[in-house]
Amino acid sequence: MRLKLSPGEHIIAAGRPHARSLWKPLVFAGITGALAGYALGWLGRDSLPGQLSEFSPYLQPAVVVLAVLLLARYAVPPVLRWLAGRIILTDRRLIQRQGVLMRREHEIALAAIYQLEIRQSVTDRMQRSGTLILDLGHGRIMQYPAVPEVHRFRSIVVSAIGQLPLTAMFDGVDMETDGEYDYEGRDDD
């Protein structure tokens, strides 16, 4: 499904979470494939002990089915979650999408962001990724984990906030007028 933009709204940046979350499923897939290949090779040899030679035609497909089930359960879902995840920055809001079958979307107006913080571990710094933490005020914190190029993304978000019209920042009070606003509710006459 495509992102519905308001009239005049433009996408500034869009991307997926950092691919570092894929290392576990990829290692698991490699180990599973290696073990299944070894088992198939061992079951396919001519000198099988005892009754294994009788059951070899049944055990080989069972090894393949077991390997496919393990991959479908433990390797494919994290890859699909990563593929479905999105971080989208428009000139008005920041949107995070997650989920494959059960979609979760969270959007924050850029005008609601008070402070941006970056949290990085040593491995995050080596990969130039990290967690972007948004302070929305009143104790509300939103975290965007595994943001690639997190420092660059934060500077893009800060720039987009700086480009917002001042009317969006101050509860509808037009700060870009000629300055003759009657603050006390009475005229200077």
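Strands β1 and β2 (residues 86-90) run antiparallel and are joined by 4 bridges. Within this pairing, G15 stands opposite I87 of β2. The model described here is predicted.

**The four-stranded sheet**
- The strands of this open sheet follow the order β1-β2-β3-β4, with antiparallel pairing.
- Its edges are formed by β1 (11-15) and β4 (104-109), each of which pairs on one side only.
- From one strand to the next, the twist averages 10 degrees.
- Helix α5 (residues 150-162) lies across β1, β2 and β3 (93-98), and its direction makes an angle of about 30 degrees with β2.

**The three-stranded sheet**
- A further open sheet consists of 3 antiparallel strands in the order β5-β6-β7.
- Here the edge strands are β5 (115-119) and β7 (141-148), and each pairs on one side only.
- The twist in this sheet averages 25 degrees from one strand to the next.
- Strand β5 is joined to the antiparallel strand β6 (residues 129-135) by 5 bridges, and L116 stands opposite L134 in β6.

- V76, L80, L83, V100, L101 and M102 make a nonpolar surface patch of about 630 Å².
- One of these residues, L83, lies in helix α3 (residues 76-84).
- L83 counts as partly exposed because its relative accessibility is 37%, which falls between the limits of 20% for buried and 50% for exposed.

**Salt bridges**
- The whole structure contains 6 salt bridges.
- Among them is the pair E9 and R93, whose closest N and O atoms are 2.8 Å apart. This pair links distant parts of the chain, as E9 is in the segment before β1 and R93 is in strand β3, 84 residues apart.
- R93 also meets E107 in a salt bridge, at 2.9 Å from N to O. The two residues belong to strands β3 and β4 respectively and are 14 residues apart.
- Another salt bridge joins D124 to R20, with the closest N and O atoms 2.6 Å apart. D124 is in helix α4 (residues 122-127) and R20 is in the loop between β1 and α1 (23-43), 104 residues apart.
- D124 counts as buried because its relative accessibility is 8%, while R20, at 23%, counts as partly exposed.

Notes:
Residues numbered from 1 in each chain as written. Predicted model: local features only at pLDDT ≥ 70, side-chain atom pairs only at ≥ 80, totals over all residues. Heavy atoms only, no water. Pairing = 2+ DSSP bridges. Axes fitted to C-alpha atoms, helices over the stretch in contact; angles between N-to-C directions. Contact = heavy atoms within 4.5 Å. Patch = residues over 30% accessible without salt bridge, like charges linked within 9 Å, V, L, I, M, F, W, Y side chains within 5 Å. Areas by Shrake-Rupley, 256 points an atom, 1.4 Å probe, with all protein chains shown as cover. Salt bridge = Lys/Arg side-chain N within 4 Å of Asp/Glu carboxyl O. Buried < 20%, exposed > 50% of the residue type's maximum accessible area, 1.4 Å probe, protein only.
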